[in-house]
Amino acid sequence: MTTTPPTAAETTAAATAIPAPEARVLGVPDLALVVLVGATGSGKSTFAARHFKPTETVSSDFCRGLVSDDPNDQSASSDAFDVLHYIVGKRLAAGRLTVVDATNVQSDARKQLVRLAREHDVLPVAIVLDIPENVCAERNAARPDRAALPRRVIQRHQRELRRSLRHLEREGFRKVHLLRGVAQAEAARIVRERRFNDLRHLTGPFDIVGDVHGCRSELENLLTRLGYALVRDEAGRPVDAVHPEGRTAVFVGDLVDRGPDSPGVLRLVMGMVAAGHALCVPGNHENKLGRHLKGRQVRATHGLAETIEQLAAEDPGFHERVREFIESLVSHYVLDGGALVVCHAGLPEKYHGRTSGRVRSHALYGDTNGETDEFGLPVRYPWAEDYRGSAAVVYGHTPAPAATWLNNTICLDTGAVFGGRLTALRWPERELVDVPAERVWYEPVKPLAAEAPGGADGRPLDLADVTGRRVVETRHMGRIAVKEENAAAALEVMSRFAVDPRLLPYLPPTMAPCATSKEEGYLEHPAEAFEAYRAAGVERVICEDKHMGSRAEPLDCRDAD
């Protein structure tokens, strides 16, 4: 006696005879690579169409059609997947959630997709549709282009799927959602989860504070100068700070080490964050302290020994709160509609809003070129000099004598613990506010120097700093682009006639002439000049004789040095 397996319709009808399963909520990060895994006929394309935009889904069948005019031409699979991987890479590079609609039952196929996700620093997510073989067969039979598909193909897919299930997380998938049967697949609901670093909905205003390094008194002074009212506990210790206008403080990390009161700084900042009055990203010093508090073996260098000694006077409950606080910190934040990025050590544009170990490492430590300087410290890669992003990047980590803008980035570490200043940036005003250090709390290993080229404190200018197309930050006109040919002409004049910028004590003023006169025979005419001033809101002008010819300001030096 033989039995006929139930059809897909009968299976569905049987499923409706019992109570419908509760909807499975599948959390998917709003920027992720979603890989659908399932045998042919398991309903991957239907699932993708139900839960994702058509433009978000990249189908292997569609790519086969692109390269061969036949979506079922298996001989075109190699070229089709080249196209699929290219499209997926471009979408991920642009920050678009992308869904791959293919069987993906073989580990080699998934390995290439996980590699793509890692290359673009997004999270890979697997959604597995484990649908009975007979249902897959019935669905394929109902499709004219799949009716002749051998049953053994489905069976092979099912075997490969079973072997894959317990290995998906080990392959690198951050989340694995398994849907067993038709009912679960149809009842599933996708919920897009905002990334922890995506705070674009918070528009400020913000007060971004540079590296504190245990300088609790200087932090109190800075917050007071910024307009915050300090809240103290019964022991008189600051545990919160509130701004009357609702401003939010943002700390760039390195709250601890080297300074006199790291526990006091932690107590204040933790209180502000818990009360919703501040945000904080981790610095490399918090990262190391967190490992120590977990019982890991770390070297107590660069001020950590002082912090451990100061924490010894605190109760164990405070230690646990500090450990939990450090664990909760996110590598960087994207704020104010994407116009502002805050991190500890700086972040190139391609990492903004991304989530990976590589992004976290760069946000904590920056990038180095593998060399060390004469002080034994790593030589940092000057990422800010190459930055051309639209978001302002505010960071710390590398102490400098003063905070200066460079290509829409600014470092707020002005060496408070080394006897410099503790600096904050008011956003969106772009105003700098600072307070002096009370003393030198920790001797620096090397003198403070600006990362920006030129000026009294910066490194010497390099030819690469002034050649090619450049973008210059200005206070009143924003970002101004200088074309390559204009830069070359200016370089020619400056290299022949200009003084070394480091020796420039005085920059002579010039004038902005009025528009060319419409009066015959005049280059400029007083009547039109006065009218132009009046239209610009200028109520009074001073008239002086102007002598034709160029001007020069000589610089006399005693000798070549």
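This is a predicted model: local features need pLDDT of at least 70, side-chain atom pairs count only at pLDDT 80 or more; totals for chains, interfaces and linings use all residues.
## The five-stranded sheet

Five strands build an open sheet. Their order is E3-E4-E2-E5-E6, and the pairing is parallel. Two strands stand at the edges: E3 (57-59) and E6 (175-180). Each has a single partner strand, so one side of each is left without a neighbour in the sheet. On average, neighbouring strands are turned by 20° against each other, direction ignored.

Three bridges join E3 to E4 (residues 98-101), and the two strands run parallel. Thr57 has Val99 in E4 as its bridge partner.

## Helices against the sheet

Helix H2 covers residues 44-51. It lies across E2 (32-37), E3, E4, E5 (123-130) and E6. Its direction is at about 145° to E2.

Helix H3 covers residues 60-68. It lies across E3 and E4, and runs at about 60° to E3.

## Helix H4

Helix H4 spans residues 77-93, which is 17 residues. From its first C-alpha to its last, H4 reaches 24 Å. That is close to the 24 Å expected at 1.5 Å a residue. Just after H4 comes Gly95, with a positive phi of about 80°.

Which residues of H4 are buried? They are Ser77, Ala80, Leu84, His85, Val88, Gly89, Arg91 and Leu92. The buried residues of H4 pack against E2, E3, H3, E4 and helix H5 (107-119).

## A buried arginine

Arg247 sits in the loop between strand E11 (238-242) and strand E12 (248-251). Is Arg247 buried or exposed? Its relative accessibility is 4%, so Arg247 counts as buried.

The side chains of Arg247 and Asp207 are joined by a polar contact of 3.0 Å. Leaving aside residues up to four places away in sequence, Arg247 touches Pro205, Phe206, Asp207, Tyr228, His277, Arg426, Trp427 and Glu429.

## An aromatic cluster

A search of the whole structure finds two aromatic pairs. Take Trp383 and Tyr387: their ring centres are 5.9 Å apart. Their planes stand at 80°, so this pair is edge-to-face.

Both rings belong to buried residues. Trp383 has a relative accessible area of 8%, so it is buried. Tyr387 is buried too, at 3%. Trp383, Tyr387 and Tyr395 form one aromatic cluster.

Conventions
Residues are numbered from 1 along each chain as its sequence is written. Side-chain values use heavy atoms; hydrogens and water are left out. Two strands pair if DSSP finds at least two bridges between them. Helices (H or I, at least four residues) and strands (E, at least two) are DSSP runs, numbered from the N terminus. Axes are lines fitted to C-alpha atoms, for helices over the stretch in contact, and angles run from 0 to 180 degrees between N-to-C directions. Contact means heavy atoms within 4.5 Å. The expected span of a helix is 1.5 Å times one less than its number of residues. Buried means under 20% relative accessible area, exposed over 50%, partly exposed in between (1.4 Å probe, protein chains only). A polar contact is a pair of N or O atoms within 3.5 Å; within protein, one must be able to donate a hydrogen and the other to accept it, and residues adjacent in sequence count only if both atoms are side-chain atoms. Rings of Phe, Tyr and Trp (its six-membered ring) pair if their centres lie within 6.5 Å; planes under 30 degrees apart count as stacked, over 60 as edge-to-face and the rest as tilted.
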